[in-house]
Amino acid sequence: MKKKLGFIGLGNMGLPMAINLLRADYQVYGFDTNAEAMEQFAAAGGFGLETAMDIAKQCDVIMTSLPTPQVVELVYRSEQGILQHAKKGCLLIDFSTVNPELNDTLHTEAIALGLRYLGAPVSGGVIGAINATLTIMVGGGTDDYISVGEIFRIVGKNIYHLGTSSSIGTRIKLLNNLMIGFYTEAVAETIVLGEKMGIQADTLYEVLNNSYGQSRIYERNYLEYMKNDNYEPGFSTNLLLKDLKLAKEMADEAGVSLRIGEKLVDLYSEIAQQGYGEKDMSAAYLSLKEKCKLEQF
């Protein structure tokens, strides 16, 4: 008999992940504060419950995919939260990107309450969540990881168990998103400068994609978003900014001065303040065009 699964956070990432579990014949109970997301989940065959506490009381495995550390802490640690109401032996899997210290705190508190916990942030964006091609960076006990290996393989493609530290996956995820911050601004600056000199964006991409300037972020941002003049968020500027702040905090704690990384926090704060916070991160290009007063290509 398959485990009864709970999924809290049916947003851009969580909903397609939960739907993939439903398609794999799992019984999935879900909760989100967004009524439309709950309707889509139910239409896919999921069982919607009214609160996170209801999920905790019902399920053997509880997964969370939430936007900020503050929301994660509320969902897990409040009086009505998961930790206080989950069944003994329940395995908690947090797919959110949070500060590493929060992973470690939740792990310690879960163990004290007879629960189990894995920190498992993901990379791959909304497309990866829909297509089940996510990279999942798991930290936590080996036996716990093995016990839910099938679940990870259903929602992702590249699964890494990185060690018994519950925060190791988050540390690597923040390093990944630090690089995404570099690349996204590099793509924006390269294309805007090229256009200013009369070079077509398509031509530039064709050549650089076969040169050392090639990157997966260039491919993603240009082909999926900029070329189609579509900036609906696969990964919003605000979420990237949140992760860059977390990466900077991690660097500060390690005593490492990020010569570019520290400037990225200010840069993406400015982009968000220009009105692009809820747009996809590739809108860094629009932000720079606006500043340079260039016409849309």
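Predicted model: local features only at pLDDT ≥ 70, side-chain atom pairs only at ≥ 80, totals over all residues.
What covers the buried residues of α2?

Residues are numbered from 1 along each chain as its sequence is written, and side-chain values use heavy atoms, with hydrogens and water left out.

I begin with the overall picture. The protein has 15 helices and 9 strands; these are DSSP runs, helices being H or I of at least four residues and strands E of at least two, numbered from the N terminus. For 297 residues, a compact globule would have a radius of gyration near 19 Å, and the 20 Å of this protein agrees with that. The radius is taken over C-alpha atoms, and the globule rule is 2.2 Å times the number of residues to the power 0.38. Along the principal axes, the C-alpha trace spans about 65 × 45 × 35 Å.

Buried residues account for 51% of the 297. Here buried means under 20% relative accessible area, exposed means over 50%, and partly exposed lies in between, with a 1.4 Å probe and protein chains only. The accessible surface, from the Shrake-Rupley method with that 1.4 Å probe, comes to about 14,100 Å², and 52% of it belongs to carbon and sulfur atoms. Of the contacts with a separation of 6 or more, 64% are between residues 24 or more positions apart; a contact means heavy atoms within 4.5 Å.

Let me now return to helix α2, residues 35-43. Ala37, Met38 and Phe41 are buried there. They lie on the same side of α2, because they cover an arc of only 100° around the axis; the arc is that of the directions from the helix axis to the C-beta atoms. On the other side of α2, Ala35, Glu36, Glu39 and Ala43 are exposed. The cover over the buried residues includes α1 (14-23), β2 (28-31) and β3 (47-48).

Helix α1 is itself mostly covered, with 9 of its 10 residues buried. Among them are Gly14, Leu15, Pro16 and Met17. Just after α1, Asp25 takes a positive phi of about 80°.

That brings me to backbone angles. Most residues other than glycine have a negative phi. Which residues in loops depart from this pattern? Ala132 has a positive phi, near 60°. Ala132 sits in the loop between α7 (125-131) and β8 (134-138), and is buried, with a relative accessible area of 18%. Asp229 also has a positive phi, near 50°, and its place is the loop between α12 (216-226) and α13 (237-254).

Ala201 belongs to helix α11, residues 201-208. At 3% relative accessibility, Ala201 counts as buried. Ala201 and Ile191 are 10 residues apart in sequence, and their C-alpha atoms are 6.2 Å apart in space. Glu270 belongs to helix α14, residues 261-276. Is Glu270 buried, partly exposed or exposed? With a relative accessible area of 32%, Glu270 is partly exposed. Between Glu270 and Ser287 there are 9.0 Å in space, C-alpha to C-alpha, and the two are 17 residues apart in sequence.
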